[in-house]
Amino acid sequence: PTATFTPEPPTNTPTPSFAFRLSGAPRGWPNCGGMGVYGTVLSVGGDPVGGYNVQLYFNGAPYNKADSRNGFFGATGDRNFEVNIYNIFQPSGFQVVVMDGTREVSPRINVTVNPTSLCHVDQGEPGAQWLQVDFRGN
């Protein structure tokens, strides 16, 4: 008789490896004048990295995107990308992902954006018209 070798199955399933990861939990900010997602795409060392697309998905389809920049901008210098959201009239779920061309280089992050009609947090409304989502290199 001839011995037959049967390989052992892998002990764990490999997880996808991304160039960027979520850095801290997304944070919502009230704004009665607009809606969107902003934040940072940073290197491992914490420097802003330009040239990536930050893509929003709505109901599984591409919605809107913005390019990350090599420097910070905004009134407080707290972002290197900003994606506007238009024409939502109820709380809506989006996915945020960093793209290198057509390739996703971060996990998709689920966020909920509220319409501007729900911006009065002092009156018990949820706010969160702008979501801050930060990514950092692995």
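Two strands pair if DSSP finds at least two bridges between them. Strands (E, at least two residues) are DSSP runs, as are helices (H or I, at least four residues), and they are numbered from the N terminus. In this structure, strand 3 runs parallel to strand 10 (residues 130-137), and 7 bridges join them. The model is predicted, so local features need pLDDT of at least 70 and side-chain atom pairs count only at pLDDT 80 or more, whereas totals for chains, interfaces and linings use all residues. Residues are numbered from 1 along each chain as its sequence is written, and side-chain values use heavy atoms, with hydrogens and water left out.

- Within strand 6, I85 is the bridge partner of M35.
- Buried means under 20% relative accessible area, exposed means over 50%, and partly exposed lies in between (1.4 Å probe, protein chains only).

**Aromatic pairs**

- Rings of Phe, Tyr and Trp (its six-membered ring) pair if their centres lie within 6.5 Å; planes under 30 degrees apart count as stacked, over 60 as edge-to-face and the rest as tilted.
- By this rule there are 5 aromatic pairs.
- One of them joins F20 and Y52, whose ring centres are 5.0 Å apart with planes at 80 degrees, so the pair is edge-to-face.
- F20 belongs to strand 1 (residues 20-22) and Y52 to the loop between strand 3 (35-42) and strand 4 (53-58), so this pair ties together parts that are 32 residues apart in sequence.
- Both F20 and Y52 are buried.
- The ring centres of F58 and F94 are 5.1 Å apart and their planes are at 35 degrees, so this pair is tilted.
- F58 lies in strand 4 and F94 in strand 7 (residues 92-100), so the pair ties together parts that are 36 residues apart in sequence.
- F58 is partly exposed, at 29% relative accessible area, whereas F94 is buried, at 2%.
- F58 and F94 form one aromatic cluster with Y63.

**Charges over rings**

- A charge sits over a ring if NZ of Lys or CZ of Arg is within 6 Å of the ring centre and within 35 degrees of the ring normal.
- The charged end of R69 is over the ring of F73, 3.8 Å from its centre.
- R108 lies over the face of Y57, at 3.8 Å from the ring centre.
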